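Me: I am new to reading structures. Please take me through this one step by step.

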Amino acid sequence: TGDQHVRTMRECVDSIRRSTTRMKALIEDLVDLASIGEKSFPLDVQPVESRDLLEDAVTDARPLADAKHISLVLDLNDPPKIDADPHRISQVLSNLLGNAIKFTPEGGTVTLCARPRDGALSVTIADTGRGIAPEDLAHIFDRYWRPKGSEGEGTGLGLYIARGIVEAHGGRVWAEPSPQGATFVFTLPLEPRGD
């Protein structure tokens, strides 16, 4: 019937759109990978309200969390204005929040917390998922690393690129052992980098 034909066409278009989006993301990852390898990571640094970046990241991640009935909590305490590349920091937030949601079971919680601390903006993303095995903590930011059992999911470049972005800003990123779930922290200096 005509309705079935329209439905089939719509499914084909949706499939093509998803494939195109995945391919675009993979190409962008490969370009970023080359930039990090050449120590020439491009940044468009500008004054930006960190509150806006953090709130937008949570808004963007909410549909993904809602689909798994995951509570997404934003805990901000006077987040300062920072000098940063807003697109690149959004990329870091999207990666860390996306991973937290992916590895948290239905009904869990993902919390994004931000505080000014020791001359830096400290951002923590904690989840109630399966956590990180202690032996994996030293490797999770390696190129192409993926947790056991996640073969076929992603490129294994997301955390490596996130680290490259944070370090290009003069910050640090790490994972912490947690009694329940995983906790990732990154910092961005509040003073402009001395280039």
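Reply: Start with burial: buried means under 20% relative accessible area, exposed over 50%, and partly exposed in between (1.4 Å probe, protein chains only). Helices (H or I, at least four residues) and strands (E, at least two) are DSSP runs, numbered from the N terminus. This is a predicted model: local features need pLDDT of at least 70, side-chain atom pairs count only at pLDDT 80 or more, and totals for chains, interfaces and linings use all residues. Residues are numbered from 1 along each chain as its sequence is written, and side-chain values use heavy atoms, with hydrogens and water left out.

Me: Which residues of H3 are buried?
Reply: Among them are Arg 88, Ile 89, Val 92, Leu 93 and Asn 95. Leu 96, Leu 97, Gly 98, Asn 99, Ala 100 and Ile 101 are buried too.

Me: How do I check the span of helix H3?
Reply: The expected span is 1.5 Å times one less than the number of residues. Helix H3 (residues 86-102) has 17 residues, so it should span 24 Å. Its end C-alpha atoms are 24 Å apart, which agrees.

Me: Which residues have the most contacts inside the largest nonpolar core?
Reply: A nonpolar core is a set of buried Ala, Val, Leu, Ile, Met, Phe, Trp, Tyr and Cys residues joined through side-chain atoms within 4.5 Å. The largest one here has 39 residues, and Leu 93 and Phe 186 have the most contacts inside it. H3 gives the largest share of this core, seven residues.

Me: What does Leu 93 touch?
Reply: Contact means heavy atoms within 4.5 Å. Set aside neighbours within four places in sequence. Leu 93 then contacts Leu 53, Leu 54, Ala 57, Gly 98, Leu 112, Val 123, Ile 125 and Phe 186.

Me: How many salt bridges does the structure hold?
Reply: Side chains of opposite charge can pair when their charged atoms come close. A salt bridge is a side-chain nitrogen of Lys or Arg within 4 Å of a carboxyl oxygen of Asp or Glu. The structure holds three.

Me: Where does Arg 115 lie, and where does Asp 75?
Reply: These two form a salt bridge, with the closest N and O atoms 3.0 Å apart. Arg 115 is in strand E4 (residues 109-117) and Asp 75 in strand E2 (residues 71-76), so the pair ties together parts 40 residues apart in sequence. Arg 115 counts as buried, at 19% relative accessibility. Asp 75 is partly exposed, at 31%.

Me: Which residues pair within helix H2?
Reply: Glu 55 and Arg 51 both lie in H2 (residues 50-67), four residues apart, about one turn of the helix. Their salt bridge is 3.6 Å, N to O.
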